[in-house]
Amino acid sequence: MKTRRTLIAAGAVSLVGMGAALLNPTARNAPPAPVRRQGPEGIPNVQLKTHTGATVRFYDDLVHDKLVVINMMYANCNNTCPPMTQNLVQVQQLLGDRVGKDIFMYSITLKPEQDSAEDLAHYARLNRVQPGWLFLTGAPPDIERLRLALGYYDPDPVEDKADGRHVGMVRIGNDPFQRWGMAPALAAPQQIVSAIMHLDRKLPARPA
């Protein structure tokens with residue numbers, strides 16, 4: 001059985017700085033994979049609550065058949081989270097009305113025991129987040145499962161305990177085509193948009 005790390009390495013695109021390195025360059029020429037109830041890394045279909053008060057299932061309601069942009073944060077973070085969120089606000093502005101229509105942005109709290117839906121709503125208002133971008137909380141064990149499945153972990157157990165280790169990247173996924181990647185959350189907003197557009201590209205039609 002493949003480990004989660006093996007699946008991430010096989011299915012992800014790592015986008016660092018101003019360049020992009022495809023970990024699986026043959027994937028662009030493969031036929032579309034059938035849609036499954038879980039993403040390529042085994043994303044749990046856990047129940048979450050949005051900052052607007054809605055109850056959702058992560059895969060069924062938020063990821064299935066969508067192009068998604070995901071990061072992790074927490075409301076009382078005073079280091080990387082504020083500039084990262086403001087950077088993603090600029091990304092949302094650049095994407096315009098596509099956000100909430102065919103591109104969906106999600107921020108998942110790393111501290112669900114502290115961040116209620118109301119706390120996240122206050123954080124969203126404070127950062128002038130526009131509709132189409134959801135902030136999410138849930139049961140701590142479910143958030144932990146999501147964190148690991150989405151690749152927000154450090155192989156060193158000591159480093160993995162530091163909250164700040166998990167807020168520096170943005171996970172980008174095209175679920176219908178099983179294409180996943182990452183980009184630095186503090187990269188230029190235009191570069192993050194380029195990474196999103198790269199994952200948005202549809203596979204070329206196969207010859208008859």
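Trainee: Is Q92 buried or exposed, and what is its relative accessible area?

Mentor: Q92 is buried, because its relative accessible area is 5%, where buried means under 20%, exposed over 50% and partly exposed in between, found with a 1.4 Å probe on protein chains only. Before going on, keep in mind that this is a predicted model, in which local features need pLDDT of at least 70 and side-chain atom pairs count only at pLDDT 80 or more, while totals for chains, interfaces and linings use all residues. Residues are numbered from 1 along each chain as its sequence is written, and side-chain values use heavy atoms, with hydrogens and water left out.

Q92 lies in helix 3, and helices here are DSSP runs of H or I with at least four residues, whereas strands are runs of E with at least two, both numbered from the N terminus. Leaving aside residues up to four places away in sequence, Q92 touches V99, M105, V129, Q130, P131 and W133, a contact being heavy atoms within 4.5 Å.

Helix 3, which covers residues 81-95, also packs with helix 7 at an angle of about 60°, the axes being 9 Å apart. Those axes are lines fitted to C-alpha atoms over the stretch in contact, and angles run from 0 to 180 degrees between N-to-C directions. The two helices are therefore oblique to each other, since under 35 degrees counts as roughly parallel, over 145 as roughly antiparallel, 65 to 115 as roughly perpendicular and the rest as oblique. To this contact helix 3 brings N87, L88, Q90, V91, L94 and L95, while helix 7 brings P189, Q190, I192, V193, I196 and M197. These residues divide into 9 nonpolar, 3 polar and no charged, where Ala, Val, Leu, Ile, Met, Phe, Trp, Tyr, Cys and Pro count as nonpolar, Asp, Glu, Lys and Arg as charged, and the others, Gly among them, as polar.

As for the setting, the chain has 7 helices and 9 strands, and 47% of its 208 residues count as buried.
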